[in-house]
Each structure stands twice: as C-alpha cells, then as structure tokens.
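Hi,

Here is the structure I promised to pass on to you. Have a look at it first, and then read my notes below.

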Amino acid sequence: MSGTFVGMPAFPEAAREAVHNRTLRGNLRHATHTIRAKRAKAVAEVSDWDALREAGARIKDRTLRHLDRYLVQLEESVTAAGGVVHWAADADEANRIVAELVKATGETEVVKVKSMATQEIGLNEALEAEGIRAYETDLAELIVQLGKDRPSHILVPAIHRNRGEIRDIFAREMSEWGRPAPEGLTDTPAELAEAARLHLREKFLRAKVGVSGANFMVAETGTLVVVESEGNGRMCLTLPETLISVVGIEKVVPTWRDLEVFLQTLPRSSTAERMNPYTSMWTGTTDGDGPRAFHLVLLDNGRTDTLADEVGRQALRCIRCSACLNVCPVYERAGGHAYGSVYPGPIGAILSPQLRGTASEIDASLPYASSLCGACYEVCPVAIDIPEVLVHLRERVVQGGPVIRGGNKVVLKPAKGHAAERAAMRAAGWALARPGALRTGQRLASRTRRLHPRTLPGPGKAWTGTRDLPAVPSEPFRDWWQRTHGGKDGAK
Ligand code: SF4
C-alpha cells in the first residue's frame, strides 16, 4: 500500500528535512531543469502560444461559470451513450461508490491508470480496506507503489528516485506483487522498463476491472479523454470488462472545439511533446469493443466551495501539466513530499488549502511555501495567477474570515501561530487610518532612530536573521516634502 499524507508536519518542518537530503536535491535539480528546458523549446515552436494560453483560460472560466449546466449535459450524454453517472460529494462517498461497483463484479483486483483524483481521495487504501487490491500501471506510479512511497510530482511521481534506487525497489518488491524482477537486473533504463513491462502485462491480461481518472470530459458527447505516454492507459481503458472513472467536476469542457486548445497546450507544457503519444477517448460503451460496463464517478470534494471564492476559483482551471513545479525554486529544493498532498508545488500550495480548508497546520502553512517570484504564473498554460491566490490565502490564514464550506458561509478561526502578525497588521491599519497619529509616530521614530535595535525580538527574529532591518530616515518623507516643496499639500 502506498504511504499517505495523513498527519504530515507543516511545510517549513517537512521542507527542512528535505533540503538536507543531498541525493534528493540532486535528483530534483537534474529532473526539473531537464524538463523545464525542453518545455521552453517546445513552447517556443508555437507562434500563437499566448493566444492559446488566453483561450484556455477563457474556456475554463466560462465553463466554471456555468458548471452546473455543463455537468448536467455531460450526465445526459454519458447516460445516452450507455454509461452510468454517480455523484460523489466527498472522498468517502466516492470511495464507497467505487468499492461497491468493484464488489458487484465479484472481483478483488483492479488495474489503474494514473489518476490524481483517486490519489486525492485515497482510493487505493479504501479499496484495500475492502479486500480489493489496486495495481498502479503507470511506470512512475508503480515505482511509488512498490516502494511504499508517496508521489512527489504531478507528472513524474517518482522524480525523487534515481535509477539505482528504482533498480533496488524492483529487485526487492516485485515478487511480493506478482512477477518478480529478472535475475541480475541492472539500472539501465531499457532493462528497468522491460522489467516493469513484463510485471504489468500479466496484470493487464488478468484484470476484469479498470479504474481511471480523466484529463477532460466533453459535455456535448459525454466523451472522456486520457492522455499518457506509456500505453498503460490504453490497456487499462480497453481490456477490462468494467471501467470506473473517477473525475473531478472541474474537468468538463463544453465542446470538442474547446478540447482542441488543451490538446495543444497540455503536452508541450507537461512532457514537452508536440502531442501525447497516447490520447485515449471513449464515449459510454460500444458492443464488442472495450469495456461492457462504464461508470463515471463525478467528484466534488471541495471543488464547489473553491468555486465560490472569486479569487481562489482560478485554481480550478488547472490541467495538471506540472510546468509550475518544474520552474519553482521552492519545489526544486523542498521536493514534493513537503507539501503534504498529492498536489505538490505551486498549484498544490493554492489547491490543497482550498479543497481541504486551512484548519490543519500543513494546509495553513502551504500559502507561505513560495517566494512569490511569479515564475509559476509565467509558464502556466491556463494563466492561473498563482501568486495572487497565494497572497489571498495568506490573508485567509491570518485573518480567518468567511469562506464557503459544504455550500454554507462559515467563519474560519484564524490559524494558530499568527497572533503577532495579526496584531501588527491591526496596529498598522489603525495608524494608517489616522494621518495625525501616523505623522507623530514617524517623527518619534526618526528622533529615536539611534536607539532602534538592529534585529527584531520574538517572532520577528527569524526575519532579521537573514536581512537588515530597514533604517528609519532622519526626517519623515512628509516633513521633507513640506520643507523642500512648501505648503501643507506640497503646493508651493
Ligand atoms: S497551475 Fe498551471 S502550470 Fe501548474 S499544473 Fe496547473 S495548469 Fe500546469
């Protein structure tokens, strides 16, 4: 069973451990720099990239504005094509639905295509509790599952592992799960891939139930789309008799024309390819071809609450390309595990606190897991202004304040540990609203400036540990202006 993120420490604590791991940092640096350079080249080939990016953002925004309508249209289309649609308000409901569907087939094994939504709800663990074993078939997911590890990247979940580590995991664990690794397995990529291929093939041929997510769902026809690079998705989607797809409600697009935009931007942003090696599309069921039963589980799990936040809702545009991870200086050093969620990096820092709320220590710390350099926004193919949402969420963490939970407006308690920041902000707010008091305070600060400490005490100590405390000028700006320009308002 893969490890879960339950009970993770707050980001700074988890990241501190990671930055001292030299192997991890080396693996991450090498992988992210390689992918980011390739992406930049693939994007530069497209002359209308900015227009595509803008179109992608607008399509997603329009869809989210009318999400209720498109989801009903999707349900009608899927049903008309022979599929069955289930609605799941949260992770527990989605897991229960999938477990019951699998049990109804009499099977105790499923093969899985890589799916962020099923990781988000902890489906593998929930199925295991019901006596059903889920086999991951994406190569990187297989490495994570065999290594009893957690994913650390959206696209390359085993990015933190190097070839030697993967060889050891295969040699040690494969026999526990099925076909053992070949004798004398080395760490050459071809041998590792062949070992995985042989191990997985017997699972594909035996499985009667497949579980997938989807990158997109087209409302007008009820078509689901999975893009991937290894062909394991095609096997999982076509060989089993029953296919169950668990998909977040934000993955719907209205028409095939809309899909055209994302099938150009997603591969270049994620794997730096002009198009994905495998693009699988299916619409309900077809006699004599592919699964005989198809179930679509539409997952909310915090998405409608996120939609209610006017600034934060742009996170739902995300097409999970992972370009923002690959350019993020914080992710490069801290690695994916520190984010305590299946969604690491900049997108995780804005998505997890919205889907899960900011009540836990890890979720309250995530909006701070950024230097706000803006590189994530620059590369995002759907123009999500991640820094804007981070600042917005920081405000929510410090102030508490109203949010929508389960469709109701609730007032969150401010997160622990921010009392000093809140007090400082309240004091600043008070002074800035009273020009007379502000001027008196500035003059007092100027006159006593030689007595000011060079470092801050208490919670501010860490801040001045790496920076100089800005010096107070000998004369406040307003006084200088009045003296040099004359008049109360500066008019001579
Ligand atoms: S936020 Fe943008 S760049 Fe990051 S994974 Fe989502 S779509 Fe890609």
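**What I found**

The protein splits into two parts: domain 1 covers 3-303 and domain 2 covers 419-490. Their C-alpha centres are 52 Å apart. Keep in mind while you browse that this is a predicted model.

Next, the ligand. Which residues surround the ligand? You'll find Cys 318, Ile 319, Arg 320, Cys 321, Ser 322 and Cys 324 there, along with Ile 347, Cys 380, Pro 381, Val 382, Ile 384 and Ile 386. Sorted by type, that shell has 10 nonpolar residues, 1 polar and 1 charged. Cys 380, one of the residues around the ligand, has a relative accessibility of 9%, so it counts as buried, the cut-off being under 20%.

Take Cys 373: its nearest cysteine sulfur belongs to Cys 376 and sits 6.2 Å away. A disulfide needs the two sulfurs within 2.5 Å, so Cys 373 is in none.

Now for the aromatic rings. Searching the whole structure turns up 8 aromatic pairs. Phe 11, Tyr 331 and Tyr 339 are joined into a cluster by ring pairs.

Some rings also have a charged residue over the face. Arg 133 is placed over Trp 177, 4.1 Å from the ring centre. Lys 60 does likewise with Phe 262, at 5.5 Å from the ring centre.

Cheers

Definitions and conventions:
Residues numbered from 1 in each chain as written. Predicted model: local features only at pLDDT ≥ 70, side-chain atom pairs only at ≥ 80, totals over all residues. Heavy atoms only, no water. Buried < 20%, exposed > 50% of the residue type's maximum accessible area, 1.4 Å probe, protein only. Domains from an automatic or database assignment. Phe/Tyr/Trp six-rings, centres within 6.5 Å; stacked < 30°, edge-to-face > 60°. Lys NZ or Arg CZ within 6 Å of the ring centre and 35° of its normal. Near = heavy atom within 4 Å. Nonpolar A, V, L, I, M, F, W, Y, C, P; charged D, E, K, R; others polar.
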